[in-house]
Amino acid sequence: MFEAIRRKLIGAWRDLRSRGLVTLFFFELLVVTLGVLLAQAVADWAANRKDIAAMEKARARADLEMGDAAFVAQLWKKLGPCIDAEIDGILRSAASGEPIKPESLKRPRTFTNTVMPLSEETKLRIRERHGDDVAYNYDRMERLTARVDAKVEEMEDRWGRLMLLRSELGGMSVDDRSSARETAVAIKANLTSIDGASGEILRTSQRMGLEPKILGESFRFAENCNQFKRFGRDFVRPD
């Protein structure tokens, strides 16, 4: 079978040579090959443009979310010290055994971030198209906002243990006061981490040229500790 095919190919080649068509054969082969390569190049170019468009769309979304994160960071820089001062008061009262106002033990309402991580493919394309520094800023903002969220969640989880100091729930023992003080110190550590990460978020967002702007909210936000207390220990004025 293979011998028959080989003889036919050899015969066809000899026929082309005898008729002077070898040059035409190679010309047509070249045209077809170039056509295939050109079609593949066009397809690759179109796919690359599609990938770039998808990357820029994801980047624009990330810019909005990171601008939102910068706004939240501003809130924490303004109002985190208000919570920290309340914790200092709780520490002093727990040490002295003085009664604590119930509203001081109620966990304040705070804000967290809304940043969704970029895919690794998107990060790679940002690096290829915009450089290492730009890609690094996006990666750093993701890590910083995740850190703030984690520390806020830790603080919220720990806050409940301060209920040991509520006098209406029964007498407070020395162990209760000691446990509550340990919890308060841990909350202060959370607030310190939140404050540090918030400062880095603001500096990074400035390098990226992002405007701190909240997404989809029309609340009136507290601007200082007095407003924070007047809003019911809330970052925003209640409806």
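In helix α4, which spans residues 120-130, the residues Thr122, Lys123, Arg125 and Ile126 are buried, where buried denotes under 20% relative accessible area, exposed over 50%, and partly exposed the range in between, for a 1.4 Å probe and protein chains only. Seen down the axis of α4, these buried residues fall within an arc of 165 degrees, so they line one face of the helix; the arc is that of the directions from the helix axis to the C-beta atoms. The face of α4 turned away from the buried side carries Glu120, Glu121 and Glu128, which are exposed. Glycine 131 follows α4, and its phi is positive, near 100 degrees. Helices (H or I, at least four residues) and strands (E, at least two) are DSSP runs, numbered from the N terminus.

The model is predicted, with local features requiring pLDDT of at least 70 and side-chain atom pairs counted only at pLDDT 80 or more, whereas totals for chains, interfaces and linings use all residues. Residues are numbered from 1 along each chain as its sequence is written, and side-chain values use heavy atoms, with hydrogens and water left out.

With a disulfide taken as a pair of cysteine sulfur atoms within 2.5 Å, the count comes to one disulfide. This link joins cysteine 82 and cysteine 225, whose sulfur atoms are 2.1 Å apart, and with -95 degrees about the S-S bond it is left-handed. Cysteine 82 lies in helix α2 (residues 22-96) and cysteine 225 in helix α7 (residues 225-230), so the pair ties together parts that are 143 residues apart in sequence. Cysteine 82, at 4% relative accessibility, counts as buried, while cysteine 225, at 30% relative accessibility, counts as partly exposed.
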